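The stops below are meant to be selected in turn.

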Amino acid sequence: MSEYLPLVVLFILSTLVAAIAVALGHLFGPRRPTERKLQPYESGMTPFGPGTRRMPVRFYLVAVLFILFDIEVVFFIPWAVVYRKLGLFGFVEMLLFAGILEIAFVYAWKKGALEWE
Amino acid sequence: MWADRLAVLPVIVIGAWAVLLTVADLYIPEHRRRITAILAALGLIVGLVVNLFIQRHNPQTAYFGLAIADGFSSFLNVLFLLSGLLGIAVAHGYLQRQNIARSEYYSLLLFSISGMMLMGMAADLIIVFIALELLSIPLYVMAGFHRDRLDSEEAALKYFLLGAFAGGFVVYGIALIYGATGSTRIAAILSAVQSGSASPILLTVGAALILVGLGFKVAAVPFHMWTPDVYQGAPSSVTAFMAVGAKAAGFAALLRVFLLAFPTLSDKLVPLLWALAALTMIVGNIVAIVQSNIKRLLAYSSIAHAGYILMATVTLGQSRLMADAAAAALFYLLAYLLTNFGAWAVVIALEREEGKGLSIQDYAGLGKKYPALAAAMSVFMLSLIGVPPTVGFLGKFYLFRAVLEGGFVGLAVIGVLTSLVSAYYYLRVVVVMYMQEGEPVVNRDALLHWTAALSAIAVLALSLFATPLFQWATQATLYAAQ
Amino acid sequence: MSVDYVLFGGLALVTILSALGMLFSRNAVYSALYLIFNFSTIAVLYLMLSAPFIALAQITVYAGAIMVLFLFVIMLLGAEQRGQAVRTWWMQPLALGLAGILIFEAIYLIFTHRTSFPPLRQAVGDLGNPLQIGEQLFSNYLLAFEAVALLLLVAVIGAIFLSRGRKLR
């Protein structure tokens, strides 16, 4: 496990930095609450309606596409690790793999799946 | 490397064609949708030519033993490609009539076929799983092709959920077998099993789980619950295609994996397979009796036929017989392909919008008004029962012969008795067509009528030339079963 | 060795607590957040089992993408607040029974077979290493790798077709 020590240090450091930033704000920031300030923030407008409105189904498509392209990334990692060893062969095979998935991207683009209208 | 590519060339051709068709279709204007269908059919024909061109009888493994190209796979390739061509023929006009003509249909069809062909070539359980998903996912989407209709959406969702469930069973089974033998290659599994180093409990449980998963795919009882709803809800052209293609691919995996990898587990697996085959034949045929909707009737009929084909697997472990039984199963699948597509072509010819024209009563008077179509339908019904001189009879004949030679008299008796039961509901369709008065409405769709006519002729003619065909199937399986 | 045990004990506790938090949260979004936490701790457990690639996939795919989908679906349905759930009487006893069997099996295995387990590194070797996986992927499983590309393409087409069918160009 010792080879993951830098990772652990990074985690601890990043947590610490975040915690310190929040703590400093709490310590030194002036606090003069008014009713307006305590309300939930909605782009500078007075909030209205419940915060839990139903979202359009488009978000679902975005999430599904995200998963599928994420899985593509997972396949890239082992390839990147052995890339030097594989040479041209690995490059061509990955080009094929990525090329097929690029067509998925072209399809999504042409069909307007990424447009928000 | 190039030899590997050459060995799996048919799959590559269809897969690449599907990818290119997806791209090309983006640039084909909507009112020229026919071009997409023609291009898809052209791809299938190219696949057929390539397949015949590189057909070989001595098996050749490719990609470090991931895939195998042999007679078994080239026979199955022909089966899948034919079902694709027939699937396009019955779909083209139908999709337009139902107002769901969307060109994705054809690329999805090709993707599904590439998965099926990969399944036929699979020599590794990982490939079995990926091929299973590759052939299933397009089918889930196609089942929901009729997006405005609730029953089509229900069919897609049901098929997807149960299909994913079945996929889970298959993966679990593969994991257990990997745990027992240390490999997913069928050849390596076989040698591990034979050396006795693998834990028999893990192996048996793993094999049983794979059987459950594939049982879902081929719609064997008790894993058939989804079949009637999905077959009824999906667009008819999709049902026609998946009844043949998905079933054939499931059996390809079942025969390849079980007959090849697990012959030494026969004492544990054969009773299971026996029970599965018997249950499937009995339940499928008996429940079919009470159906009044033709799509549901054909759904239960497809369950029943899965039972007949399952009979071939009980010869597991009898090495002398396995090749013959597998050949009988392949022949039966070919017979089922022709008969089933023909019957569905007639059903689609009578189907009207909003799911009308699908009751068996709607066939009343067909014999008088459209004698040719009624005659074709009668031929298909007779072939589904297994009456000579149809190819369905010979399919049953070869299967029963293999089962009897294996010493499973009980199973053969069940098969014959359930075939007699099936005569009741298949003949009812014929009776309604000829004996009852009615005003059937038939769509004008030349492609559809040609499909029905050619299938009927093939069903009759192939029964005369069955021996060479069966010999081809035997040749195909000779090496696969060794 | 003892450090490993302490690490594992702590992690296991966090995993179980986050799972319980997911189960008992009244708000579905909190449940989802607990689940992300749970996935992350499980990723560390994979690391400890010398399977770094699986750990990485667990983080990117499960804690990342799949949880985004979960959250979207929760919001899509407007199901943050748990309504009156339909309960069937046999669900709880069945779940308890199944959990009991699982725990019993684990305890039984640990107490009867503890000495016969091979040391982890020896049993697994370097198999979980991305390097090993990469080499296997591009030799022994090359065809499967390329087939997966087709599979992903089909999934994209299917998802777009089904979710945006009518509005498509």
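Begin by selecting chains A and C together: 42 residues of chain C are in contact with 39 residues of chain A, two residues being in contact if their C-beta atoms, placed from the backbone, lie within 7 Å. On the chain C side, helix H2 (28-48), H3, helix H6 (130-137) and helix H7 (142-164) each supply at least two of the residues that touch chain A. Helices are DSSP runs of H or I with at least four residues, numbered from the N terminus. By class, this side of chain C has 31 nonpolar, five polar and six charged residues; Ala, Val, Leu, Ile, Met, Phe, Trp, Tyr, Cys and Pro count as nonpolar, Asp, Glu, Lys and Arg as charged, and the others, Gly among them, as polar.

The model is predicted: local features need pLDDT of at least 70 and side-chain atom pairs count only at pLDDT 80 or more, while totals for chains, interfaces and linings use all residues. Residues are numbered from 1 along each chain as its sequence is written, and chains are lettered from A and ligands numbered from 1 in the order in which they are written.

Next, select C:Phe72, which lies in helix H3 (residues 52-77) of chain C. Leaving aside neighbours within four places in sequence, C:Phe72 is in contact with A:Phe59, A:Tyr60 and A:Ala63. C:Phe72 is buried, because 20 other C-beta atoms lie within 10 Å; the cut-off for buried is 20 or more other C-beta atoms within 10 Å of the residue's own, placed from the backbone.

Now turn to chains A and B, where four residues of chain B are in contact with five residues of chain A. The chain B side has three nonpolar, one polar and no charged residues.

Conventions. Buried ≥ 20, exposed ≤ 12 C-beta atoms within 10 Å, placed from the backbone.
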